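Subject: Handing over a structure, with notes

Dear colleague,

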Amino acid sequence: MKILIIEDEIELLIAISNFLIKGAYVCELAESFAKADEKISIYEYDLILLDIGLPDGNGLELLKNIKKRQLNTGVIIISAKNSLDDKIGGLDLGADDYLTKPFQLSELNSRIRAVLRRRKFDGTNVLKFNEISINTESKTVSINGTDITFTKKEYDLLLFFMVNKNRVLTKEAIAEHIWEDNIDLANSFDFIYTHLNNIRRKIKAANGNDYIKTLYGMGYKFSEK
Ligand code: CA
């Protein structure tokens, strides 16, 4: 899962990022309105943490852009002011949640998990597809009831497929989701190929089926047929 953190207090920005990276999220940072706006127009995120008070603009304006471009992205507003107007404004514009500073990182973590669960995981912590099940809380994968050891990237990749089952995923979309924004795409395509082979091998070894279809010239699709 990839998170964009928009926050102009650099210490807080770094603290949140370090905390979330430990929680196995891929993080991108933006310390200004301009940088955030640029990232939002180019890349897609699973979730965005949005500070309202930025030195070069208002976070609520960014929220409008996010909602225009990234309908499936969860948004949590993190705001210094406990301003009811900001809160109502943000929620009216489509933010999923609102957290007033200062807050505990563990509190932020539960809010993030709740938004991801609602938006990406059909309201559950355990995603299932026939014999494959992913526990998004413990970040574990089991096949036919047996826990299988996946690396972080293998886990991210399989989760991305399960969340987007029956959809064609281009290599570009996969790469952008699994790695940081500035990844060299050519290299990342090789990585995807390697990780996919490992995933297929591990699932097969546990007597699971290969649901990851290669669509030549298009990408991949996770589906039954
Ligand atoms: Ca601020």
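**The nonpolar cores**

The largest nonpolar core has 49 residues, and among these Leu 49, Ile 112 and Leu 158 touch the most other members. Here a nonpolar core is a set of buried Ala, Val, Leu, Ile, Met, Phe, Trp, Tyr and Cys residues joined through side-chain atoms within 4.5 Å, while buried means under 20% relative accessible area, exposed means over 50%, and partly exposed lies in between (1.4 Å probe, protein chains only). Helix H6 (residues 152-163) gives this core its largest share, 7 residues; helices (H or I, at least four residues) and strands (E, at least two) are DSSP runs, numbered from the N terminus. At least three residues of this core come from each of domain 1 (2-120) and domain 2 (126-222), and the domain bounds come from an automatic or database domain assignment.

Before going further, please keep in mind that this is a predicted model, in which local features need pLDDT of at least 70 and side-chain atom pairs count only at pLDDT 80 or more, whereas totals for chains, interfaces and linings use all residues. Residues are numbered from 1 along each chain as its sequence is written, and side-chain values use heavy atoms, with hydrogens and water left out.

If neighbours within four places in sequence are set aside, Leu 158 is in contact (heavy atoms within 4.5 Å) with Ile 132, Ile 134, Val 141, Phe 150, Ile 199, Ile 203 and Phe 222. There is also a second, separate core of 20 residues, which includes Ala 30, Tyr 43, Leu 50 and Ile 52.

**The two domains**

The protein is divided into domain 1 (2-120) and domain 2 (126-222), and their centres, taken over C-alpha atoms, are separated by 26 Å. Across the boundary, 15 residues of domain 1 are in contact with 14 residues of domain 2.

**Aromatic rings**

How many aromatic pairs does the structure hold? It holds 6, where rings of Phe, Tyr and Trp (its six-membered ring) pair if their centres lie within 6.5 Å, and planes under 30 degrees apart count as stacked, over 60 as edge-to-face and the rest as tilted. In one of them, the ring centres of Phe 129 and Tyr 211 are 4.8 Å apart and the planes meet at 80°, so this pair is edge-to-face. Because Phe 129 lies in strand E8 (residues 126-129) and Tyr 211 in the loop between helix H8 (185-205) and strand E13 (212-215), the pair ties together parts that are 82 residues apart in sequence. Phe 129 is buried, with a relative accessible area of 10%, and Tyr 211 is buried too, with 5%.

Tyr 211 also forms an aromatic pair with Phe 222, and this one is tilted, with 5.7 Å from centre to centre and 55° between the planes. That pair links distant parts of the chain, 11 residues apart, with Tyr 211 in the loop between H8 and E13 and Phe 222 in strand E14 (residues 219-222). Phe 222 counts as buried, at 1% relative accessibility. Phe 129, Phe 161, Tyr 211, Tyr 220 and Phe 222 form one aromatic cluster.

**Lysines over rings**

A charge sits over a ring if NZ of Lys or CZ of Arg is within 6 Å of the ring centre and within 35 degrees of the ring normal. Lys 139 lies over the face of Tyr 25, at 5.0 Å from the ring centre, and Lys 202 lies over the face of Phe 150, at 5.5 Å from the ring centre. Lys 202 is found in helix H8 and, at 18% relative accessibility, counts as buried.

**Backbone details**

Most residues other than glycine have a negative phi, and most peptide bonds are trans. Lys 101 and Pro 102, however, are joined by a cis peptide bond with omega about -5°, and Pro 102 has its place in the loop between strand E7 (97-100) and helix H5 (105-120). Asn 130 has a positive phi, near 50°, and, at 48% relative accessibility, counts as partly exposed. Asn 207, in the loop between H8 and E13, has a positive phi of about 65° although it is not a glycine, and this residue counts as exposed at 67% relative accessibility.

With best wishes
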